[in-house]
Amino acid sequence: MTSIDDTDPFTLAEESAARLAELTGVARHDVALVLGSGWAAAADQLGEVVATVPSTDLPGFRAPAVVGHAGTVRSISVPRQGADPLRALVLPRTHVYENHGVRAVAHGVRVAAAAGCRTIVLTNGCGGLDRSIPAGSPVLIADHLNLTGASPLEGPTFVDMTDLYDPQLRALARSVDADLPEGVYAQFRGPQYETPAEVRMAGVLGATLVGMSTGLEAVAARHVGLKVLGFSLVTNLAAGVSDQPLSHEEVLQAGREAAPRCAALLAGVTPLL
Ligand code: 8IG
C-alpha cells in the first residue's frame with residue numbers, strides 16, 4: 001500500500017477506488033455521501049447496505065480521531081421508483097484539525113470521483129448565527145467562506161467556484177422539504193470553537209453557519225467535476241449568539257435528537273440524485 005505523502009493524490013484515489021470495487025463487489029458508484037455530526041444515522045434509512053469496509057483497508061484513508069465519527073466506507077443500494085437502484089457510497093471524513101494535511105481532507109472526495117460518482121452530498125453539524133434557525137434545524141448550504149487559510153488544490157489550479165453548491169440540487173432538496181432554510185457556511189480550521197468575536201466577524205462577512213469541514217471538500221469536489229449538495233445541521237448556536245457555552249457532548253446530544261429529521265431529508269433526496 002502506498003502512503004498519502006509520497007504518491008500523486010489522484011493516483012492514490014484511483015488505487016483506493018479500485019480496492020473499494022474489489023472489497024465491495026460494486027464496480028462503480030453513482031453518488032457519495034459524507035455524513036457529519038447528526039447525519040450518520042441517516043445511512044441506515046437510505047437502503048440496503050451491500051458492503052461495509054473499514055476505511056483503513058483502503059489506501060489513503062486515516063483512522064478517525066474523534067469519538068462519534070465513523071471509520072468505515074459503506075456501499076448502499078438505494079431503491080428508486082422506475083429505475084435501477086442508485087449505488088451510494090458513504091465515506092468517512094478527515095478534518096483539517098486532525099493534522100494529516102489537505103490531501104487527507106480531500107481524499108474521500110477524490111475516491112468518490114474515481115469510483116464513478118457524479119454527485120456528492122456533504123453534510124455536517126455546525127454552529128448557527130441566526131437565532132431564527134434553532135438548534136436541531138437542517139440548513140441547505142448555498143455557498144461558503146473558506147476561512148481555513150488552506151486549499152485542497154496544489155499548484156496553479158484555478159478552478160471556478162460559481163454555483164459550487166449546485167442550484168438545481170438545492171431546488172431538488174427544497175422539493176423534498178419546502179421549509180429548508182439556506183445559509184452561507186464559514187469553515188474555520190478548528191479544533192477550538194470560535195470566540196464570540198470570530199463569530200461576529202463571520203457574521204459581518206456573510207456567514208450563517210460556522211463549522212470545521214465541508215468547504216475544502218466542496219472545493220476538491222468541484223475540481224474533479226462532482227456536483228455538490230451540502231447540508232448543515234445546526235447543533236448549537238455559535239459562541240456568543242446564545243449565552244450558553246459550547247460542549248462536544250451537547251453537540252452530540254443535539255445531533256442525536258435531530259437525527260430522525262436529517263435521516264428523513266436524506267432518504268427523500270438521495271433517490272432523486
Ligand atoms: I457540531 O459552533 C459544531 N461544529 N466551528 N463552530 C464550529 N464548528 C462546529 C460548531 C461550532 N458546532
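Ser137 sits in strand β6; helices (H or I, at least four residues) and strands (E, at least two) are DSSP runs, numbered from the N terminus. The model is a predicted one, where local features need pLDDT of at least 70, side-chain atom pairs count only at pLDDT 80 or more, and totals for chains, interfaces and linings use all residues. Residues are numbered from 1 along each chain as its sequence is written, and side-chain values use heavy atoms, with hydrogens and water left out.

Ser137 counts as buried at 9% relative accessibility (buried is under 20% relative accessible area, exposed over 50%, partly exposed in between, with a 1.4 Å probe and protein chains only). A polar atom of the Ser137 side chain lies 2.6 Å from the backbone oxygen of Pro134. Setting aside neighbours within four places in sequence, Ser137 is in contact (heavy atoms within 4.5 Å) with Ser232, Leu233, Val234 and Arg261.

Asn146 also belongs to β6, which covers residues 137–146. Asn146 is partly exposed, with a relative accessible area of 30%. Its side chain makes a polar contact with the side chain of Thr148 at 2.6 Å (a pair of N or O atoms within 3.5 Å; within protein, one must be able to donate a hydrogen and the other to accept it, and residues adjacent in sequence count only if both atoms are side-chain atoms). The side chain of Asn146 reaches the backbone oxygen of Ala150 too, at 2.8 Å. Not counting residues up to four places away in sequence, Asn146 touches Gln187 and Leu216.

Leaving aside neighbours within four places in sequence, Ala32 is in contact with residues including Leu89, Leu91, Ala112, Cys117 and Ile120.

As for the cysteines, a search of the whole structure turns up zero disulfides, a disulfide being a pair of cysteine sulfur atoms within 2.5 Å. Cys126 is in no disulfide, and the nearest cysteine sulfur, that of Cys262, is 10 Å away. Cys126 is buried, with a relative accessible area of 3%, and Cys117 counts as buried at 5%.

Most residues other than glycine have a negative phi, and most peptide bonds are trans. The peptide bond from Gly190 to Pro191 is cis, with omega near -5°, and Pro191 lies in the loop between β7 (182–187) and α4 (196–204). Asn99, in the loop between β4 and α2, has a positive phi near 65°. Asn99 is exposed, with a relative accessible area of 56%. Thr214, in the loop between β8 (209–211) and α5, has a positive phi near 70°. Thr214 is buried, with a relative accessible area of 0%.
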